[in-house]
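Hi,

Here is the structure I promised to pass on. Have a look at it first, and then read my notes below.

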Amino acid sequence: MKTGFIGMGSMAAAMLKGMTRFAGFKSEDICAYAPNQKKLQKNAQLLGFRPCSSAAEAVSDSECVILACKPYQVESVLAGLGSLLDGKVLISVAFGWDYEHFSQYLDTDKVRVQYIVPNTPVSVGEGIVLMEAESGLSPSERLEWKNILGRFSRVIELDSSLIPAGSAIAGCAPAFVDVFIESLADGGVKNGIPRETAYEIIPQMIIGAAKLMQESGLHPGQLKDQVCSPGGTTIRGVAAMEEGGVRSSMIRAVDAACGK
């Protein structure tokens, strides 16, 4: 499928990697436009796509367009495309630009819009993609894209009203986990573990803990209790986390990401 990206920042690059590594897309069938042409050329050399000199060129050469520019840029991008999007699938990755928002700017009978919120781990085949329930895609197109996205992520359908909260715990939370990893590593360094060794241990620990929860189906509280022996080291660590307000901090982080 010939695909054109408008915008080639971190999220677009992560999606492109996921599509080419896991979903059978060929680099030569992907083109992209971004205003910073120097950076675009550099990314094209690294990722293998064809750079375009304009958004119109990227759209004209594609069956599907992935709109991955900054949200504040979308309106001006759409204004410059005119009818070029007619008859095409438009996958919006621009945060906040959901189906209803696009319906104010496009004829959604001519442009088939699907809003998604991916996270950066799509680049390694372990992502989350939130898929807005309201969509302009036909049932067969929607199924096709669910299958495509499902090759490098877990696809979760959400009502439009829940996308902001879903984005906070899927799209923003990788950064929260990175802070957690860095903090654990600091604790390891404080107690004599070399930092590079800590960064080898902690990501694998998180992968293992997450997989155990997924495959066991157990509540995280149950899994925590299995590790906490009476009077043991783990429960003392958990108590210290509770004293530091780790739960309320995480909830406040999600609230902040939701704009609350």
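Let me start with a pocket. Helix 1 (10–22), helix 2 (37–47), strand 6 and helix 7 each supply at least two residues of the lining of the second largest pocket. Helices here are DSSP runs of H or I with at least four residues, strands are DSSP runs of E with at least two, and both are numbered from the N terminus. A pocket is found on a 1 Å grid over the protein atoms alone: it is an open set of points where a 1.4 Å probe fits, with protein on both sides within 12 Å along at least five of seven lines, and its lining residues have an atom within 4 Å of a point.

Before I go on, a word on the source: this is a predicted model, where local features need pLDDT of at least 70 and side-chain atom pairs count only at pLDDT 80 or more, while totals for chains, interfaces and linings use all residues. Residues are numbered from 1 along each chain as its sequence is written, and side-chain values use heavy atoms, with hydrogens and water left out.

Back to that pocket. The second largest pocket holds about 750 Å³ of space, the volume being what is filled by probe spheres set on the grid points, which are joined across faces, edges and corners. It is lined by 36 residues, and Gly9, Met11, Ala68, Cys69 and Lys70 are the closest to its centre. Which helix gives the largest share of the lining? That is helix 7, with six residues. By type, the lining has 24 nonpolar, 10 polar and two charged residues (nonpolar: Ala, Val, Leu, Ile, Met, Phe, Trp, Tyr, Cys and Pro; charged: Asp, Glu, Lys and Arg; polar: the others, Gly among them).

Now the whole protein. It has 11 helices and eight strands, and its C-alpha trace spans about 70 × 40 × 30 Å along the principal axes. Of its 260 residues, 38% are buried (buried means under 20% relative accessible area, exposed over 50%, and partly exposed in between, with a 1.4 Å probe and protein chains only). Taking contacts (heavy atoms within 4.5 Å) between residues at least 6 apart in sequence, 59% join residues at least 24 apart.

The eight strands make an open sheet with mixed pairing, in the order 3-2-1-4-5-6-7-8; two strands pair if DSSP finds at least two bridges between them. At the edges are strand 3 (50–51) and strand 8 (153–158), each pairing on one side only. As background, strands of a sheet pair through backbone hydrogen bonds, either parallel or antiparallel.

Strand 1 (residues 3–6) and strand 2 (residues 30–33) run parallel and are joined by four bridges. Thr3 sits opposite Ile30, and Ile6 sits opposite Tyr33. In a regular strand, side chains alternate between the two faces of the sheet. In strand 2, Ile30 and Ala32 point one way, Cys31 and Tyr33 point the other way, and all are buried.

Further along the sheet, strand 6 and strand 7 run antiparallel, with three bridges between them; Val117 has Leu130 of strand 7 as its bridge partner. Strand 7 and strand 8 run parallel, joined by six bridges, one partner pair being Gly127 and Ser153. Five of the six residues of strand 7 are buried, so the strand is mostly covered. Helix 7 (residues 163–190) lies across strand 6 (112–118), strand 7 (127–132) and strand 8, at about 175 degrees to strand 7. For that angle, axes are lines fitted to C-alpha atoms, for helices over the stretch in contact, and angles run from 0 to 180 degrees between N-to-C directions.

Arg21, in helix 1, is exposed because its relative accessibility is 55%. Leaving aside neighbours within four places, Arg21 is in contact with Ser123 and Val124; the C-alpha atoms of Arg21 and Ser123 are 8.1 Å apart, although 102 residues separate them along the chain. Ala165 belongs to helix 7 and is partly exposed, because its relative accessibility is 36%. Its C-alpha atom is 21 Å from that of Gln214, 49 residues away along the chain.

Cheers
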